[in-house]
Amino acid sequence: MTVGKSILLAEDDRFLRRACETKLKQAGFEVRVAVDGEEALTFAREKAPDLLLLDLLMPRRDGLSVLAELRRDVATRAIPVVIMSNSSRDLERQKASTLGVVDYWIKSNLSLQELCDRVSQLLRAET
Amino acid sequence: MPRQANTSLALTIREHDAALGGLIRANPLAILVVDAHDRVQMVNPAFEALFGFQEAELVGHPIEAFIVPRDRAVEAAGLSRRGFDGQSARSVTQRHRKDGSVVDIDLTVVPLATGSETVGAYGIFRDLTEQKRAERQLRAQYAVVEALANSSTIEGAASWVLRSVAEALHWQVGVMWLVDKTANELRCVDCWCAPEIDATQFEQETRQGRFAPGVGPGRTWAMAHPSWISDVTSEPAFSRRASALGAGLHAAFSLPMMLDNEVVGVLEFFTRAILESDDQILRMFAALGQQLGAFVGRTRAQEQIERFFTMSGDLLCIAGFDGYFTRINESWHRTLGYTTSELMSCPLMDFVHQEDREATRTMFADLMRGVPIQAFENRYRCKDGTYRWLSWTATPKPDERLVYAVVHDATTRKRLEHQTHETMKMRNDFVSFVTHQLRTPLSGIKWMLELAADAADSAEKASYIGDAHESANRLIRLVNDLLDVSRLESGKLQVTIEPVRLRDMTDAVVDEVATLVREKRHVLDVESIPDLPVAMLDGQLTRQVILNLVSNAIKYTPPGGRIAIRIGREDGSLRWSIQDNGIGVPPASQKRLFEKFFRAENAHTVDTEGTGLGLYLVRLIVERLGGRIACESEEGRGTIFYFMLPLAAGDQT
C-alpha cells in the first residue's frame with residue numbers, strides 16, 4: 001500500500017503548496033513541504049523521502065540546482081524525483097531528464113485527483 | 001593613212017587565219033592585228049565585245065587613238081616597238097573602252113613576220129576586270145575586317161572602312177550615316193575624301209547634314225535596299241547637288257547597314273565619272289552592309305553589357321587565379337569605400353575577415369579546380385575599418401585562369417536575419433515565460449476549486465474559495481500588466497493630460513498602501529517643496545508609476561524599514577524620488593533592472609510571484625510621458641529610484 005509513504009513537496013507558490021499538501025495528506029501520504037530550493041535540499045538530506053515533487057522556479061535555489069545537488073551525493077542520489085512545473089520549455093525538460101527524473105508534469109494540466117493517482121501509482125511501483 | 005596600202009597584208013592574214021580554222025576570229029581572247037605603222041589591220045569579235053568598237057571603225061587607223069589612255073601612251077608605244085623588233089612582250093595594264101570606262105587587261109604583243117621580215121604585230125588582250133575586281137574586293141574586305149578588329153566603336157572604324165572601300169573601287173568619297181532613333185534621322189558619322197579632289201564644301205555640307213527617312217541617304221534607310229544615281233548633279237532631289245558639282249562628283253551609290261532586318265546606318269560613295277548602275281558593285285558591297293550592321297549590333301550589345309556592368313548595384317568582378325582582381329565595377333568603391341586602384345593593387349584575400357579566410361581559401365581552391373560557387377558568404381573589410389557581408393556567386397574559366405563573380409552586399413540581410421532570429425527567440429522566451437506565469441494562478445484557481453468541491457466543512461470550503469479568488473486576482477493583475485506593456489510597446493496607450501495636484505495625488509497613493517506599510521511596520525514619509533505646481537500631466541499613469549515604485553520599496557524592505565517619497569523640481573522637470581533601506585539591487589542587476597521580464601538576482605529571496613514586468617512598465621510609462629527614470633542602490637543598504645517628468649508650458653506654479 002502507498003499509505004504512509006513519505007513525500008517531500010517543494011513548491012514556493014503558497015496556493016499550490018496548500019492545495020497539494022491538503023490533497024496528498026487526505027490520500028494518506030506523509031507530506032513534508034519546502035517553500036524554496038534551499039529548504040528542499042535541507043529536508044531531503046535530513047531524511048530521504050520516498051518521492052520528491054520538485055518545482056523548478058523557486059527562490060534561493062531553483063529546482064534543477066536542487067536536483068543536481070541531490071544527484072551528486074550518494075545519500076540522496078537514489079531519491080525518486082518528479083518535476084512539477086508550469087514551464088513546458090524543452091530546455092528544462094532536457095536538463096531534468098539528463099539529471100535523472102521519474103517524470104515531468106505540467107501542474108496546470110493536472111487535477112489534484114490525477115496528481116494523487118499518479119503519485120500512488122509511482123509509489124506502488126517503487127515498492 | 002590610205003586603207004588600201006595594207007589590203008594585201010590584211011588579206012594575207014585573213015587567208016592565213018581561215019587556213020588555221022579561224023584561230024583569230026573564233027578566239028575568245030580579244031585579238032588585234034596592226035601593221036608596222038601601228039595601223040589596225042584586223043580585230044576579232046572578242047575584241048569588239050571587250051572594247052565596244054566595230055572592226056570597221058578601227059581598220060586603217062592607229063590603235064592608240066581609240067583605246068590607249070593618255071598616261072599609258074609611252075608604255076603602249078614601247079610594247080609595239082618591241083613587237084616590230086621581232087620580240088614578244090607582255091604587260092598587265094589598262095586600256096579604255098569606247099564608253100571611256102577603264103578596263104584592266106593582260107596584253108601580249110607578238111611579232112607578225114612573213115619570212116624574215118616583220119610586217120606588223122598581234123595584240124592579244126585578256127580581260128582582267130573580273131580578276132582585278134575580285135582582288136580589290138578581297139583587299140577592301142580585308143581592310144574592313146582589319147579596321148573593325150582594331151576599333152571598339154563604329155565611329156572609330158568608319159574612316160578606315162570608307163577609305164578602304166573607296167580606294168578599292170577607285171571612287172573618291174565615302175560617307176557613313178547612322179540612324180539616330182530618338183531624332184528619327186540619319187546623322188553623319190564620318191566622311192572620307194580622296195586627297196586628289198577638293199571637296200571641302202561637299203564634306204562640310206555632308207557632315208552637317210541630317211536626313212529623315214526617304215530623303216537623300218534616308219531613301220536607302222527607308223527602302224532598306226541599295227540604290228544608284230548615275231549623276232547626282234542632274235538629280236533635282238539631290239540636296240548637295242551644287243557642292244557635288246563643285247567637287248566634280250557625279251555617280252553615287254548607297255547601301256544600307258543591316259542588323260537583322262533593321263537598317264542601322266547607310267554608306268554612300270561618290271565618284272567623278274558618270275556611271276550607269278553597276279549591279280556587280282552593289283552585290284559586292286551588300287555583304288559589307290551586313291558586316292557593318294552586325295558590327296554596330298555587337299558594339300551596341302557590348303555597350304549595353306558595359307552599362308549593366310557600370311550601373312549594377314551588385315559588386316561585379318573578374319579575378320585572376322593569382323588572387324588579384326583584374327576588373328571591378330564602381331559598386332566596389334560605393335560599397336567598401338576603397339578606390340578601384342586600391343582594391344586592384346592588393347591580393348583580394350587581404351580584405352577578407354580573419355575568421356573567414358580559411359573558408360575563402362577553400363572556396364577559391366574549388367574555383368581553381370573549375371567548380372562554380374553559389375552564394376558563398378564572407379566578411380570584407382571596408383576602408384573605414386568596418387566589415388560588410390558579401391555573398392559570392394562565381395564561375396571559373398580555367399582556360400583563361402580567371403574567375404567571374406557577382407557579389408552581393410548581404411550586410412542588411414544578415415543583420416535582418418540576426419534581428420529576426422533574436423526577435424523569434426525573444427518571442428519564444430516571452431511566450432514560455434507568460435505561459436508559465438499564467439499557468440501558476442490558473443492551477444491555483446483550479447486546485448482550490450477542486451478542494452472546495454470535495455470539502456464537507458463549510459468554513460474549509462470558504463477558505464479554499466477565498467484562495468481561488470486571490471489566485472484569480474493575481475491572474476487579472478498579470479493580464480492587465482501584459483496588456484499595458486503591449487499598449488505601451490505598440491504606442492497605442494492613450495495619454496490624457498489634465499491638471500494634477502501632485503501632493504494630493506502622491507498622498508492618495510500612500511493611503512492606498514497604508515495597510516501594507518502598517519503590516520510590515522515601515523515608516524513612510526512624503527516630503528515636497530513648498531511651491532509645487534499644479535502640473536498638466538496624465539494623473540492616472542503618473543499615479544501608476546508612483547504606486548509601483550512604492551509597492552516595490554515596501555516589498556523589498558525588511559520589516560521596520562524607512563521609506564521616503566520626495567517631490568521636487570529639477571531643471572524645469574518634476575522630480576520624484578522613492579528611497580528605501582531595503583535589500584538593495586546587486587550591481588550586476590542594476591543595469592538590466594528596467595528590462596522586460598528581468599528580475600534582480602536577489603528578488604526571489606523575497607518574492608517569487610513577481611513577473612519582471614513592473615519596472616519595465618514603469619520605464620515605458622515614464623518614457624511615454626517624456627521623462628526618464630534611474631536607480632541607485634547598494635546591496636543590503638537600500639535603493640533610491642527617481643524619475644523626472646517634463647513640466648508642460650501651461651503648468652501653474
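**Exercise 1. How many residues of chain B are in contact with chain A, and which elements supply them?**

Step 1. Count the residues on each side. In this predicted model, 18 residues of chain B are in contact with 20 residues of chain A. Contact means that the C-beta atoms of two residues, placed from the backbone, lie within 7 Å.

Step 2. Find the elements. On the side of chain B that touches chain A, α15 (411-454) and α16 (458-489) of chain B each supply at least two residues. Helices (H or I, at least four residues) and strands (E, at least two) are DSSP runs, numbered from the N terminus. The largest share, 13 residues, comes from α15(B).

Step 3. Sort by class. This side of chain B has four nonpolar, ten polar and four charged residues. Ala, Val, Leu, Ile, Met, Phe, Trp, Tyr, Cys and Pro count as nonpolar; Asp, Glu, Lys and Arg as charged; the others, Gly among them, as polar.

Step 4. The predictor gives the complex an ipTM of 0.93 and a pTM of 0.51.

**A note on the numbering and the model**

Residues are numbered from 1 along each chain as its sequence is written, while chains are lettered from A and ligands numbered from 1 in the order in which they are written. Local features need pLDDT of at least 70, side-chain atom pairs count only at pLDDT 80 or more, and totals for chains, interfaces and linings use all residues.

**Exercise 2. Why do β18 and β22 of chain B each have one side without a neighbour in the sheet?**

Step 1. Write down the strand order. Five strands of chain B form an open sheet, β18-β20-β21-β23-β22, with mixed pairing. Strands pair if DSSP finds at least two bridges between them.

Step 2. Look at the edges. β18 (523-528) and β22 (628-634) of chain B stand there with a single partner strand each, so one side of each lacks a neighbour in the sheet.

Step 3. Follow one pair. β22(B) and β23 (residues 638-646) of chain B run antiparallel, joined by seven bridges. B:Ser633 stands opposite B:Thr639 in β23(B).

**Exercise 3. How is chain A built?**

Step 1. Count the elements. Chain A has five helices and five strands.

Step 2. Read their order. From the N terminus on, chain A runs β-α-β-α-β-α-β-α-β-α.

Step 3. Check burial. Of the 127 residues in chain A, 41% are buried (20 or more other C-beta atoms within 10 Å of the residue's own, with C-beta atoms placed from the backbone).

Key:
Buried ≥ 20, exposed ≤ 12 C-beta atoms within 10 Å, placed from the backbone.
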